[in-house]
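Please describe this structure for a reader who is meeting it for the first time, going from the overall fold to a few selected contacts.

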There are 2 protein chains.
Amino acid sequence: MTPFSLAESVLAGERRSIARLISLVEDGGPLVADAMRALYPHTGHAYSIGVTGAPGAGKSSLTERLVSLARGHELTVGVLAVDPSSPFSGGALLGDRVRMQSHATDPEVFIRSMATRGHLGGISLATPEAMRVLDAAGKQIVVIETVGVGQAEVEITDACDTTLVVVNPGWGDAVQAAKAGLMEIADVFVINKADRQGARETERELRQMLDLSPAERKPEIIQTIATKNEGLEPLWAAIERHRDYQQERGLLDGRRRRRVALEIREIAIERYRRRINTEAGELIEELSAQVHDRSIDPYAAADRVIAHL
Amino acid sequence: MTPFSLAESVLAGERRSIARLISLVEDGGPLVADAMRALYPHTGHAYSIGVTGAPGAGKSSLTERLVSLARGHELTVGVLAVDPSSPFSGGALLGDRVRMQSHATDPEVFIRSMATRGHLGGISLATPEAMRVLDAAGKQIVVIETVGVGQAEVEITDACDTTLVVVNPGWGDAVQAAKAGLMEIADVFVINKADRQGARETERELRQMLDLSPAERKPEIIQTIATKNEGLEPLWAAIERHRDYQQERGLLDGRRRRRVALEIREIAIERYRRRINTEAGELIEELSAQVHDRSIDPYAAADRVIAHL
């Protein structure tokens, strides 16, 4: 299958081709660009929702409920669950995904776990590409679920149209969210597992922290119990209000344009990175031995690599 | 102060200069390279220990205890607590650091929280540079503490000589560690808060997962209660055994050389990134509007940026 025929069957919504192209995106091979370029004119229609928070906050259950809600509104849905990839084996654990099986037979729902095995640009480049595949395949809602504790992971969810930050009741959870840099990227805060002790205190704690922020619009705070399907309709309404807020003020276009600017930059950098790996691998091997011996320093070595390219 | 005189007073162990140079490293300014180059021949003596794990696992308490142990062995210590930086305000919360105050008056201990405000290469480049500052300043042990849930954060701790992965008792914590890619980078597993229910089950769970690994050496698993100072001597001994294991087999040099190769690559990439920002900012603005309108695609736009440089 050529990149162009692959792109065509993705546009036709063919599930196996969608899966195949996302795998290619994960691997970061050079053929991806051709397929993605063919898809590009057909994208820009999906609304993307990021779901992030600490491990164990209940992001998967919440995502599953969001899918049900979207389906209830007769919207087609794509889900990308971005698992941080292991630096050595490159494996992503799929255990949580099993819970998504309630949607497994719905042809209008496409669910995919994603790691970033060989992608040189890492998840920050692979995720927008995979989002675009789902967009091109006609999914109206694309949900990106990722653990929100790392720099790259935070950037991913921030690249969505509406970002949900999920915390749990309990002392310190709001502080941990702030430490992870999640305070400023939240468009809606979700206090999930709200039947646990401390939900009200956590909400108060969040409000206090939000009051310190100079932002014009304060994120709404919604309490949910995803496993019992409680609070999900109010959450959906909050997402819609955030979408409307952005659209009425023309903010959504600006947000998407900034995301595109970042992506252009990252693609250029990734191509440079690839050149280093293909053309300077041996040189770097030699140089690293010299640097390790302290006969040159890492900056001089980097200059030699740059001059070589 | 010139970069060279700054480097000289760092070599003399002058605390304010150490702090100043680490701030420069965080900001990622162009002057840093000169100071770092001057320091480089005087580095390579420190032994580095990475401490990573989920938020709330007790990394700060454990780090504080490690500092005490190292001081008990009459070793000088530097600590870098890497807080994921907020993508917007660039702030790092320093609350946890307050607990380190027991060492605040010890002249042989240097403790520093680190964010990565302006550093274009992010924490993955700023951290090895800051480690090297402490190494050059004569610290014999350098402890890097970071939340281990993101891609970049995992890479940082993996760049240490011995990496401790901290988990807590409780169902699923081992699985979460594996999801975060921490299984393969652990040289020693620490089950902290081991007086909580489930410590034995967590240890068994970890062992089962480790048994699946093809690695020749299985990480030791040590139970600790950092707040009660329990299990710390055994942990120190395990770190020493891991150090000896590597030194006897010549593995430490290989590990450090691989780290240097990564660093050379990252410096070269960072310089390219900086060129993009200084020389192609306006072009990217224009291109992102065209990409947003779908008149060109992001790959074509990236090619235009590359051609421009």
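This is a predicted model: local features need pLDDT of at least 70, side-chain atom pairs count only at pLDDT 80 or more; totals for chains, interfaces and linings use all residues.

Residues are numbered from 1 along each chain as its sequence is written, and chains are lettered from A and ligands numbered from 1 in the order in which they are written.

**Chain A and its sheet**

The secondary structure of chain A consists of twelve helices and seven strands, where helices (H or I, at least four residues) and strands (E, at least two) are DSSP runs numbered from the N terminus. Of its 309 residues, 51% count as buried, a residue being buried if 20 or more other C-beta atoms lie within 10 Å of its own, exposed if 12 or fewer, and partly exposed in between, with C-beta atoms placed from the backbone. Among contacts in chain A between residues at least 6 apart in sequence, 75% join residues at least 24 apart; two residues are in contact if their C-beta atoms, placed from the backbone, lie within 7 Å.

In chain A, seven strands form an open sheet with parallel pairing, in the order β3-β2-β4-β1-β5-β6-β7, and two strands pair if DSSP finds at least two bridges between them. Strands β3 (109-114) and β7 (220-223) of chain A stand at the edges with a single partner strand each, so one side of each has no neighbour in the sheet. Within the sheet of chain A, β5 (residues 162-167) runs parallel to β6 (residues 188-191) and is joined to it by four bridges, and A:Val165 has A:Phe189 in β6(A) as its bridge partner.

**The sheet of chain B**

In chain B, an open sheet is formed by seven strands in the order β3-β2-β4-β1-β5-β6-β7, again with parallel pairing. Strand β1 (residues 47-53) of chain B pairs with β5 (residues 162-167) of chain B in the parallel sense over five bridges, and B:Gly50 stands opposite B:Thr163 in β5(B). Helix α5 (residues 123-136) of chain B packs on this sheet, where it touches β1, β2 (77-82), β3 and β4 (141-147) of chain B, and its direction makes about 165° with that of β2(B).

**Helix packing**

Two packed helices are described by the angle between their axes and the distance between the axes. Axes are lines fitted to C-alpha atoms, for helices over the stretch in contact, and angles run from 0 to 180 degrees between N-to-C directions.

| Helix pair | Angle | Axis distance |
|---|---|---|
| α11 (281-292) and α12 (298-308), chain A | about 165° | 10 Å |
| α11 (281-292) and α12 (298-308), chain B | roughly 165° | within 10 Å |

The helices α11(A) and α12(A) are therefore roughly antiparallel to each other, since angles under 35 degrees count as roughly parallel, over 145 as roughly antiparallel, 65 to 115 as roughly perpendicular and the rest as oblique. In this contact A:Leu283, A:Ile284, A:Leu287 and A:Val291 in α11(A) meet A:Pro298, A:Ala301, A:Arg304, A:Val305 and A:His308 in α12(A).

**A contact from chain B to chain A**

Which residues of chain A does B:Ala268 touch? B:Ala268 lies in helix α10 (residues 251-279) of chain B and is buried, with 27 other C-beta atoms within 10 Å. Not counting residues up to four places away in sequence, B:Ala268 touches A:Ile276, A:Ala302, A:Val305 and A:Ile306.
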